[in-house]
Amino acid sequence: MTKNEILNAAAILLDGGLVGLPTETVYGLAADASNVEAVRKIFRAKQRPEDHPLIVHVGTLEQLTDWARDIPDAAFLLAKTFWPGPLTMILRKAPKVHDLITGGQDTVGVRMPDHPVALAVLQAFGGGLAAPSANRFGRISPTTAAAVREELGDAVDLVLEGGRCAVGVESTIIDLSGTQPAILRPGAIAAAEIAAVLQCDVLAAQKNAPRVSGSLALHYAPQTKTRLATHIELQKILAQNVEPIAIMALHELPAANKQITIVAMPHEPRAYAHDLYHTLRMLDKKHFQQIIIETLPEDAAWDAIRDRVRRAVHS
Ligand code: TXA
Ligand code: MG
């Protein structure tokens, strides 16, 4: 990353253009959040329905008050603890925030990303950047600059290189606009960590919460038919299978025939999250008959991963 690249990105954004932006979670498709025409381009590039709200990314804590009002102390406490980082807070929106960003709701999502390139662009730009994940609607979020180019091609004016995303799945979304904090989307920051900071109960993610596009039953899906199987089911599949398939395995499997590609996934949830979309995207290009994901542990450390895998599988 050079100073010139950052200044160029800021100039494109100030001019109403779109920039593919690395963050620590996934790559974002950024536009000036205060420019409606620029924000409209995001929806066009992603082919995303206009009623799906966007997250505003800020570079300083002070900017929070530009986008939100009636901000509870809990929000400042969480921001001080977890920002920059993979936590999006849903707050009551400031009057100037356009309906296109909020999906017509009275709330807005705000986060400060923890990536040197994103922070440098935010600093050079000076304002808030609306940025959904830089994939076409319903597809897997990109975790490399190359994947952003694959997804969006000419629809984006510039894609900044920022290496592979450290976290690998989208931010935790916590709704602070109601009476009790509620997780709308699980992510790297766990409900228990938030509860420990706020010293209160945090409602767990509810399946299919209506206002989060990531909560549609099928989302983040590869094009290849993708399904789940237990270790025992996988052993049977290996014994019988004759089709070209790929398996994302957690436990060791006996040697298979060469039709079958086995990817040994990490056992540790952070490492698994880092590899999840990257591996799905890689396998999706290879035209297997199926991608089979070994079922995941049930404990809370795997919440975000189980959530994304559930959306990737074709029921
Ligand atoms: O990690 C991330 O959050 C990435 C990076 C680029 O920052 N961004 C991301 O954006 O995942 P997107 O648009 O793909 O997902 C944002 C989610 C959507 O599911 C949207 O519905 C929800 O946030 N959201 C945004 N504003 C909201 C609001 N006011 N109320 C409820 N949900 C909201
Ligand atoms: Mg997304």
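Residues are numbered from 1 along each chain as its sequence is written, and chains are lettered from A and ligands numbered from 1 in the order in which they are written. In this predicted model local features need pLDDT of at least 70, side-chain atom pairs count only at pLDDT 80 or more, and totals for chains, interfaces and linings use all residues, while side-chain values use heavy atoms, with hydrogens and water left out.

Strand 7 runs parallel to strand 1 (residues 19-21), the two being joined by two bridges, and Gly-20 has Val-159 in strand 7 as its bridge partner.

Strand 13 (residues 290-294) is mostly covered, since five of its five residues are buried, where buried means under 20% relative accessible area, exposed over 50% and partly exposed in between (1.4 Å probe, protein chains only). Both of its faces are covered, with Gln-290, Ile-292 and Glu-294 on one side and Ile-291 and Ile-293 on the other. Strand 13 pairs in the parallel sense over four bridges with strand 10 (residues 226-229), where Thr-226 stands opposite Ile-291, and likewise in the parallel sense over four bridges with strand 11 (residues 245-249), where Ile-245 has Gln-290 as its bridge partner.

There is one aromatic pair, counted when ring centres of Phe, Tyr and Trp (its six-membered ring) lie within 6.5 Å, with planes under 30 degrees apart taken as stacked, over 60 as edge-to-face and the rest as tilted. The rings of Tyr-272 and Trp-302 have centres 5.3 Å apart and planes at 70°, so the pair is edge-to-face. Because Tyr-272 lies in helix 10 (residues 269-284) and Trp-302 in the loop between strand 13 and helix 11 (303-312), the pair ties together parts 30 residues apart in sequence. Both Tyr-272 and Trp-302 are buried.

Elsewhere, the charged end of Lys-96 sits over the ring of Trp-67, 4.3 Å from its centre, the rule being that NZ of Lys or CZ of Arg is within 6 Å of the ring centre and within 35 degrees of the ring normal.

Technical notes: Pairing = 2+ DSSP bridges.
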